[in-house]
Amino acid sequence: MIDWISDLLFWIVFGSILFFLRGKRIFWTVGALGLLLLFNQFFTPGFFHIQLLDGHLYGSRIDVLNQGAKVMLLSLGMVLVIATGGVDLSVGAVMAIAAAVSSRLLVTEHQPAGVAIAIALVVSVLAGAWNGMLVAGFGIQPIVATLVLMVAGRGVAQLITEGQIINFLDPTMVYLGNGHLFGLPFTLTLVLLMLLLAFFLVRRTALGLFIESVGDNDEASRYSGINARQVKFLVYTFSGLCAGLAGLVACSNIKSADANNIGLYLELDAILAVVVGGTSLQGGRFYLIGAVVGGLFIQTLTTTLYARNVSSDISPVPKALVIIAVCLFQSESFRARLSRSVRPPGRILKPLASRTPQNLSTVTPHDSRES
Amino acid sequence: MATPLLEIIGLTKGFPGVKALDAVDFALQPGEIHALMGENGAGKSTLIKVLTGVFPRDLGESRLEGQLIAPRSPGEAESLGISTVYQEVNLIPHLSVAENICLGRQPTCFGIIRWGAIARRARAALARLDLSLDVSRQLSSYSIAIQQLVAIARALDISAKLLILDEPTSSLDRMEVEELFKKLRKLRDGGLGIIFITHFLDQVYEISDSITVLRNGCRVGCFATKDLPRINLVSHMIGKAVQQVEALEQKRASTASIRSEAPILEARGLGRKGFLQPLDLDVRSGEVVGLAGLLGSGRTETARLLFGVDRPDQGTIRIGYQAVRFNSPRAAIRCGIALTPEDRKVAGIIPNLTVRENIVLALQASRGSWRRLPVAEQEKLADRFIHALDIKTPNREQVIRNLSGGNQQKVLLARWLATEPRLFVLDEPTRGIDVGAKAEVEKLIQSLRQEGLGVLFISSELEEVVRQSQRVVVLRDRRKVDELTEGEISAEAIMHSIATHNLERPAA
Amino acid sequence: MIRVNPKYIPLLATAVVLLAVFGTGSQLYPNFGTPRVLVNLLNDSAFVGVAAVGESFVILSGGIDLSVGSMVAFVGILIAKLLQVGCDPFVAMGIAVSVGTVSGAVMGCLIYFFDLPPFLVTLAGLFCLRGLGFVINPESIGIDHPFYSQVLPQLSILVAPKAVLPFTAMCFLASVIVGTLLASFTRFGRNVYAIGSNENSARLMGLPIGRTKITTYALAGCFSALGGVVATFYMQSGNPASFVGLELDAIASVVIGGTLLTGGVGFIPGTLMGVLILGLIQQIIIFNGTLNSWWTKIVIGALLLVFIVLQKLISHRGERGAIAGR
């Protein structure tokens, strides 16, 4: 009896949020999440079941919030990087580094948890700054620049842990990933705090405007006097910080630092979360909350599959389909073809590029421009 | 009359909102170098693209050696005998010269490429141009001039009837142009037909046999070069008959000496190799200096050098009395310079941001990333300019790409006005905007003058320049050829300067 | 001073690094320079190497393929399963390679016709194939087939006393040879270079962009699948959870081998050298005994960085040269 009242309450709140968001880009992300949850409401018994034990809430939806924290944290950093037109492939490796540093300090060097956490975060910020220097300072392509740390980073993490999996029991560290605050997982608080930090960083300063400007039209931004280098450097540094925090949560979850596996493939999840959240891979307008909801969506997908006894090993397949679907949806080519598909089908597969004037850059710059 | 090599009759092509070509006729004889000229929006490149199949045509027909043709792609046009070489030398920089010449048509033996044959073929193609190169070297290791010749060699190797050269000399120096012309003459004498698109007046008179002028998508006329006086050519391109000029000249803006002697800009010997020949330029407080010249004469290049977008390799710039060096637009902005660039799509508007955001952008950039302008102030600023410039937008949060060109331009002007600059460089501020908006922009320029700003006004429309400026600097072919002061300024005088002033070449 | 064609500079750099690494190894460990070690090296790197050849083509064309590791694992478990249910090994291998080629072609079509970013499309491929591997069988399956246990070991050649070149290494070398032939001696290969260097120019020159791009990804899928086949020779089993991160090794090999990640520049033999460098570094670390395996990743990352910066400097100078001509 209690169950369906709380479910109804949930849907009323969710529905009103959705209604409130109509007309905005984030509507689609939240809507997609809603569809998934709806599916579970009807087809996955027990999914919406919540119980209160020892003052803590438990249930599948709570699991989603808890497990999804890592991706949500990563996506907060990734969304800013993608907004500038770049990408950060190294976040998984930086997670491993942060986990390794904190565990090592905690267990081998017997440092207090506060020190271990602080230093781990400093190291991850430095890793982000490294990426920022390569991209903004040297002008190296982001995929290439962050690939270096993606490859070497795990090696560095293993170096720090000396190949061991370091286990710890320190209550503070354990609390990070497993504790509860006000009945809800502490990780949720962390996500909200980072969201708040990100919000102040980009929306309460001019940085957000500059990020969107640089991603939308780099050249015009420079003409307007924006210091594009500084902007790019900062976003990669912030991404490093987010990755560090995510790494701490990850190792706290399993109460150990496994440099090999922590954060594996999570950079890809983060990119997916950002894209599902409405931010385009080309850069420009970005959506902080969208990225977080996107992370939630991905985690819900994973949890849904798990709840339906689909092995977690197979869950990447639906993720793949989601990527393709989102990409197609964002692709102008696809939308154009879709609208043309009511006409003779023979021409659908001809590439659009050769038809539209803009694609042929035989137009010469400055004075020689012609229409 | 022999059959023309190429004959185009009544070619018409429209795009949404604009008619790029309107019943254009064109004829080219074999063994002729035919220049195709026209200002911005004239339709030169559209004509070529329709001819070679890049765009489909709406109406009209083309005949090659009397046969009706309708190629549907550049590849088809090439196999028919029409090849185009574009200004950016559309070849593959990382491949060798030989490969570039034979790419897509490499001689093979059971699918395996015969490299020896490629080298031989490439050398033979280059020999047609009296050129002998190490064909195994990477294309990008050669100068642009040589790369262009390689592109021509490729074009000839594929087909040998008609060669179209689109702005081939923009990146070449004097000697390289000479070399190119020598080869073109040889090819012409061998029976090749050449269409030569350019905006360099001197070169047209040097190399071409005939000239066709387009304006606003229509053909103005076809003339034999030796029979066409330069001033007539200029007037055809600009669209003002020489005799009618006085009648069309409108009332000039008040030239009352508002200006003080305080110089805002003093550029001496400012230049960059291959880009702009060294020139001197002054702008004083309360003065509008017009920069006049045909397309490609170096006006935008001057603006870019002044704003720090490109770096000069000679000369000095003083702002106020201070010598400055600009590494980037940020440095120029800090000295109080503002620039609305020629191409607002590429270098101007941030398309997906709102009107308000676009307006406050430069001002915010000068404050840095951390001290954000409070939203209320941003809104007030945006509203102020929306009102002052009469920007037609439903509200300030409208995404700027939905606005018309004229209103986008106004937003850009607002952006820079908000920074309260000392020197305002306007590069084609009225291009592509409606008459009403144009008048408002001109009013704005005069009010800036009143406030003591210096304005450098670049425009292709002579009447505008004449109306607004107290002094006019005339450019041609990337160098300054004349400077007209108060009493001398008139559309006719400017046209004369463009056409004939300083014809003797200074030592390169 | 010998005049060197500038386009070979990155390749020479790779060769220098290869010799340096090999030299270091030989200096440090007396048994390093033996043919036996070299042959082992080829054997151990065979499946990466074959996959890297396919990856080279994709990167040369200006794209990227992230699905390599998943493909190798997928093919492995597919073959193991097929053999388990009694399929003939050649048929199994044929099916595997066909599946690889088709999936590559599908990715190529999505990339070309809908203008989707290769990074994301092959990422989807990575996820899809990884998951499908587990659908075929959730756990690893050992291969117990006479072809593998009896025929295969006999297909090796004695190249030096105590050095037997196994079949896997021969496959690797054969892939490199085929790849080199395709890249340097066919129109398709030259088109790949052209598209990677400047796609717009290639289009204006009339080259078949669509055909070339789709074939490139199909080829990469084919080589990845072949890599999977070779992996089954090497591991004698199929495991859906294996080879995570293999694509990174392939990409690193390609970049260290002198190929520009932006495309248009590079050689297949360079990739061979890149794979060998990676393998040698691993060998040195194993020989050392005190250094641990993670140093491999760090050194490779550092090498990658050096090559990337080198590439940036070279291309920067190239641009300056072109502009000076203006």
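Q: In what order do the six strands of the open sheet in chain B come?

A: Strands of a sheet pair through backbone hydrogen bonds, either parallel or antiparallel. Here the order is E18-E19-E20-E15-E21-E22 in chain B, with mixed pairing. Strand E18 (337-340) and strand E22 (479-484) of chain B sit at the edges with a single partner strand each, so one side of each has no neighbour in the sheet.

Q: Which way do E19 and E20 of chain B pair?

A: Strand E19 (423-427) and strand E20 (454-458) of chain B run in the parallel sense, over five bridges. Within that pair, Leu426(B) stands opposite Phe457(B).

Q: Is helix H11 of chain C mostly covered or uncovered?

A: First, the rule: a residue is buried if 20 or more other C-beta atoms lie within 10 Å of its own, exposed if 12 or fewer, and partly exposed in between, with C-beta atoms placed from the backbone. H11(C), residues 246-256, is mostly covered, as eleven of its eleven residues are buried. Among them are Leu246(C), Asp249(C) and Ile256(C). After H11(C) comes Gly258(C), whose phi is positive, near 100°.

Q: How many residues of chain A are in contact with chain C?

A: Two residues are in contact if their C-beta atoms, placed from the backbone, lie within 7 Å. By that rule, 38 residues of chain A are in contact with 40 residues of chain C. H7(A) gives the most to chain A's side, with twelve residues.

Q: And how many residues of chain B are in contact with chain C?

A: There, 28 residues of chain B meet 24 residues of chain C. H2(B) brings the largest share of chain B's side, three residues.

Q: Where does pLDDT stay under 50 in chain C?

A: pLDDT is the predictor's confidence in each residue, from 0 to 100. Where pLDDT is low, the predicted coordinates should not be read in detail. Chain C has a mean pLDDT of 88, with 95% of its residues at 70 or more, but the value stays under 50 over residues 321-326 of chain C.

Methods:
Residues are numbered from 1 along each chain as its sequence is written. Chains are lettered from A and ligands numbered from 1 in the order in which they are written. This is a predicted model: local features need pLDDT of at least 70, side-chain atom pairs count only at pLDDT 80 or more; totals for chains, interfaces and linings use all residues. Helices (H or I, at least four residues) and strands (E, at least two) are DSSP runs, numbered from the N terminus. Two strands pair if DSSP finds at least two bridges between them.
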